[in-house]
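I opened my notebook to record what I looked up in this structure. The entries follow in the order in which I made them.

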Amino acid sequence: MSLMFLDSFPWYMSPSRDFMLYKRDTLELLPSIPDNSVDLIFADPPYFLSNGGTTCQSGKRVEVHKGEWDKSQGADENHAFNRRWLEECQRILSPDGSIFVSGTHHVIFSIGFAMQQLDMKILNDIAWYKVNPPPNLACRYFTHATETIIWASKNQTSRHFFDYQAMKEENGGKQMQSLWSITPPKKSEKRFGRHPTQKPISLLLRILAAASREGDLVLDPFMGSGTTGVAAAITGRRFIGVELNEEYLDLARQRYEFRDEEQEQKLDKTFKRQKTMAAKTITSEARKPRKRRPSTSDLFSPEE
Ligand SMILES: C[S@@+](CC[C@H](N)C(=O)[O-])C[C@H]1O[C@@H](n2cnc3c(N)ncnc32)[C@H](O)[C@@H]1O
């Protein structure tokens with residue numbers, strides 16, 4: 001079956017066509033994705049914090065410069081940008097799908113407000129505790145140790161999918177809380193190079209286990225080094241990633257092609273439940289597959 005088509009060739013496509021990377025501005029690509037076609041979106045948008053401030057890296061004070069894409073355009077323009085891509089995400093989400101958006105205080109209030117303006121249903125605000133954050137060198141603030149992840153569904157009437165049981169199992173038989181204690185990416189996750197805001201694979205494995213099923217279509221509109229895509233491939237989900245920077249696209253391709261090493265993390269003892277906090281990774285067995293959906297290639301332009 002053929003759906004409407006994405007309007008450009010992928011920069012990379014896996015042989016099975018279940019993993020596609022697009023080198024495009026997300027605001028240009030998203031409009032070509034059909035309505036109600038994506039089951040889960042993870043977005044880690046620009047934080048708008050690369051504006052001449054400093055941070056601590058390996059014990060040294062360094063200027064925050066994550067890239068041109070991370071510069072603030074001012075509060076109103078930043079918010080207008082967030083509203084535009086969120087509006088597209090809302091349109092393409094399936095009725096029982098959901099979206100997770102990660103951010104610091106520089107961006108997360110705008111994200112939450114845009115979701116309210118669009119009448120999306122906010123399901124949880126998850127506090128991701130970064131376990132071992134860099135110290136605050138200025139000594140005039142608390143150490144920044146958390147990031148917020150807003151989980152929302154398409155609208156007030158949508159019935160989002162949540163694998164409650166899987167989360168409870170992962171948390172040693174107790175209800176999973178909205179406080180997630182997860183360590184930063186490991187060396188093996190950065191073996192092909194580093195992205196300045198790379199997310200840990202264990203964070204994405206948990207999100208995918210909580211809110212998607214095998215065979216689902218997962219989208220990351222600000223893909224970076226491809227963490228969402230690797231987690232999707234490891235757990236049998238289909239994936240579309242959008243990214244502007246070729247260097248990061250190449251990182252994502254390599255991580256996908258050599259994903260076995262990151263797959264090991266599913267078994268890594270680091271993610272076993274700690275005494276006071278939940279930090280274990282997923283077990284993806286016993287998911288009830290959704291009714292077969294068209295493959296990612298159905299979304300692909302037939303011009304090839
Ligand atoms: C916060 S990072 C995402 C990091 C990612 N979660 C990871 O684990 O590597 C945001 C990414 O979005 C990309 N980006 C920024 N603006 C974009 C746009 N308009 N369209 C597509 N990609 C964009 C940047 O190049 C950057 O790599």
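I began with strand 10 and strand 11, which run parallel and are joined by four bridges. Strands pair here if DSSP finds at least two bridges between them. Strands (E, at least two residues) and helices (H or I, at least four) are DSSP runs, numbered from the N terminus. I picked out D220, whose bridge partner in strand 11 is G241.

Before going on I noted that this is a predicted model, in which local features need pLDDT of at least 70 and side-chain atom pairs count only at pLDDT 80 or more, while totals for chains, interfaces and linings use all residues. Residues are numbered from 1 along each chain as its sequence is written.

I then checked the other partner of strand 10. Strand 3 (38-43) is joined to strand 10 by two bridges, and these strands also run parallel. Here I41 has L219 in strand 10 as its bridge partner.

Are the faces of strand 10 covered or open? I found both covered: L217 and L219 are buried on one side, and V218 and D220 on the other. A residue is buried if 20 or more other C-beta atoms lie within 10 Å of its own, exposed if 12 or fewer, and partly exposed in between, with C-beta atoms placed from the backbone. In a regular strand the side chains alternate between the two faces of the sheet.

I followed the chain onward. Strand 10 (217-220), helix 6 (227-234) and strand 11 make a right-handed β-α-β unit. Right-handed means that, with the strands pointing away from the viewer, the path from the first strand over the helix to the second runs clockwise.

Next came helix 5 (201-211). It is largely enclosed by the rest of the structure, because eleven of its eleven residues are buried. Among them are R206, S202 and L208.

I turned to strand 8 (146-153), where six of the eight residues are buried. Strand 6 (93-103) pairs with strand 8 in the antiparallel sense over six bridges, and F100 has W151 as its bridge partner there. Strand 7 (121-129) also pairs with strand 8 in the antiparallel sense, over eight bridges. In that pairing D125 stands opposite I150.

Which residues are closest to the ligand? I listed D44, F222, G224, S225 and T227, out of 20 residues that surround the ligand. A residue is near a molecule if its C-beta atom, placed from the backbone, lies within 6 Å of it. Helix 1 (26-29) and strand 11 (238-243) each supply at least two residues of this shell. By class, the shell has seven nonpolar, nine polar and four charged residues. Nonpolar means Ala, Val, Leu, Ile, Met, Phe, Trp, Tyr, Cys and Pro, charged means Asp, Glu, Lys and Arg, and the others, Gly among them, are polar.

I also looked at phi. Most residues other than glycine have a negative phi. R17 is not a glycine, yet its phi is positive, about 60°. R17 sits in the loop between strand 1 (12-13) and strand 2 (19-23), and it counts as partly exposed, with 15 C-beta neighbours inside 10 Å. N36, also not a glycine, has a positive phi near 55°. N36 lies in the loop between helix 1 and strand 3 and counts as partly exposed, with 14 C-beta neighbours inside 10 Å.

My last entry is D250, in helix 7 (246-257). D250 and W11 are 239 residues apart in sequence, but 9.5 Å apart in space, C-alpha to C-alpha. D250 is partly exposed, with 18 other C-beta atoms within 10 Å.
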